[in-house]
Amino acid sequence: MSDQPESDIFQLNGRVRPDVTDECTARALRDSLGHARSTNWDSVRTPHLFMGLLGTGDPAVEQWARKLGADTARLLDQFRDLFYQDAAPVPPLVLNREFLSDNTIRVLRESYARSGDYGRDHITPLDLLITLFTTHNSIVAECFERIGVTAARLTELAVLVEQDGPV
């Protein structure tokens with residue numbers, strides 16, 4: 001029996017399959033673990049995924065931020081402050097299903113499905129970014145809605161970057 005069921009993003013041992021992400025997305029996922037720890041959460045939540053994307057230096061995410069008129073480093077600091085919990089530091093987390101919130105798992109699965117819809121066999125940062133804005137009850141999109149930027153606008157800008165092709 002294979003340890004990589006093709007129908008899911010997880011290996012049987014609970015780890016994220018390494019073949020479902022490109023290198024930059026894999027780095028963003030690893031970074032999201034650090035953001036969860038630094039904000040004292042015991043699991044990776046969707047805002048931590050967003051923080052991971054902001055911190056990777058991916059050219060497409062940087063271009064999306066420029067179109068939005070935002071600075072990724074400043075956005076990262078704002079999200080880190082917004083989601084900081086005054087709690088005891090958490091032990092190290094690993095990129096395993098048990099340390100991911102249900103919403104994070106859903107976003108990862110939807111991102112993987114989106115990548116397949118566009119003929120890719122791995123999740124790109126833009127797949128993840130767009131899914132974070134379009135998923136039902138997105139806390140990331142809600143944070144932007146509070147300051148007057150709609151999920152539709154966030155998505156539109158990301159799709160424009162995607163359509164422009166490699167940066």
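**A colleague's note on this predicted model**

1. Let me start with Thr 25, which is buried, with a relative accessible area of 1% (buried means under 20% relative accessible area, exposed over 50%, and partly exposed in between, with a 1.4 Å probe and protein chains only). Thr 25 sits in helix 1 (helices are DSSP runs of H or I with at least four residues, numbered from the N terminus). Setting aside neighbours within four places in sequence, Thr 25 is in contact with Ile 123, Thr 124, Pro 125 and Leu 128 (contact means heavy atoms within 4.5 Å).

2. A word on the basis of these values. The model is predicted, so local features need pLDDT of at least 70 and side-chain atom pairs count only at pLDDT 80 or more, while totals for chains, interfaces and linings use all residues. Residues are numbered from 1 along each chain as its sequence is written, and side-chain values use heavy atoms, with hydrogens and water left out.

3. Helix 2 deserves a look. The buried residues are Thr 46, Pro 47, His 48, Leu 49, Phe 50, Met 51, Gly 52, Leu 53 and Leu 54. Their cover includes helix 1 (23–38), helix 3 (59–68), helix 4, helix 5 (102–117), helix 6 (125–134) and helix 7. Just after helix 2, Gly 57 has a positive phi of about 75 degrees.

4. Next, how helix 2 meets helix 3. Their axes come within 8 Å and cross at roughly 100 degrees (axes are lines fitted to C-alpha atoms, for helices over the stretch in contact, and angles run from 0 to 180 degrees between N-to-C directions). That makes helix 2 roughly perpendicular to helix 3, a term for angles of 65 to 115 degrees. Phe 50, Leu 53 and Leu 54 of helix 2 make the contact with Val 61, Glu 62 and Trp 64 of helix 3. By class, the residues of this contact are 5 nonpolar, no polar and 1 charged (Ala, Val, Leu, Ile, Met, Phe, Trp, Tyr, Cys and Pro count as nonpolar, Asp, Glu, Lys and Arg as charged, and the others, Gly among them, as polar).

5. The largest pocket holds about 300 Å³ of space (on a 1 Å grid over the protein atoms alone, with a 1.4 Å probe, a pocket is an open set of points with protein on both sides within 12 Å along at least five of seven lines, and lining residues have an atom within 4 Å of a point; the volume is the space filled by probe spheres set on the points, which are joined across faces, edges and corners). Of its 14 lining residues, Leu 75, Gln 78, Phe 79, Phe 144 and Ile 147 are the closest to the centre. Helix 4 (72–82) and helix 7 (139–145) are the elements that give two or more residues to this lining, and helix 4 supplies the largest share, 5 residues. The lining has 9 nonpolar, 2 polar and 3 charged residues.

6. Asn 40, in the loop between helix 1 and helix 2, has a positive phi of about 65 degrees although it is not a glycine. Asn 40 is buried, with a relative accessible area of 8%. Asn 137, in the loop between helix 6 and helix 7, has a positive phi near 55 degrees, and Asn 137 is exposed, with a relative accessible area of 63%.

Definitions and conventions:
Parallel < 35°, antiparallel > 145°, perpendicular 65-115°, else oblique.
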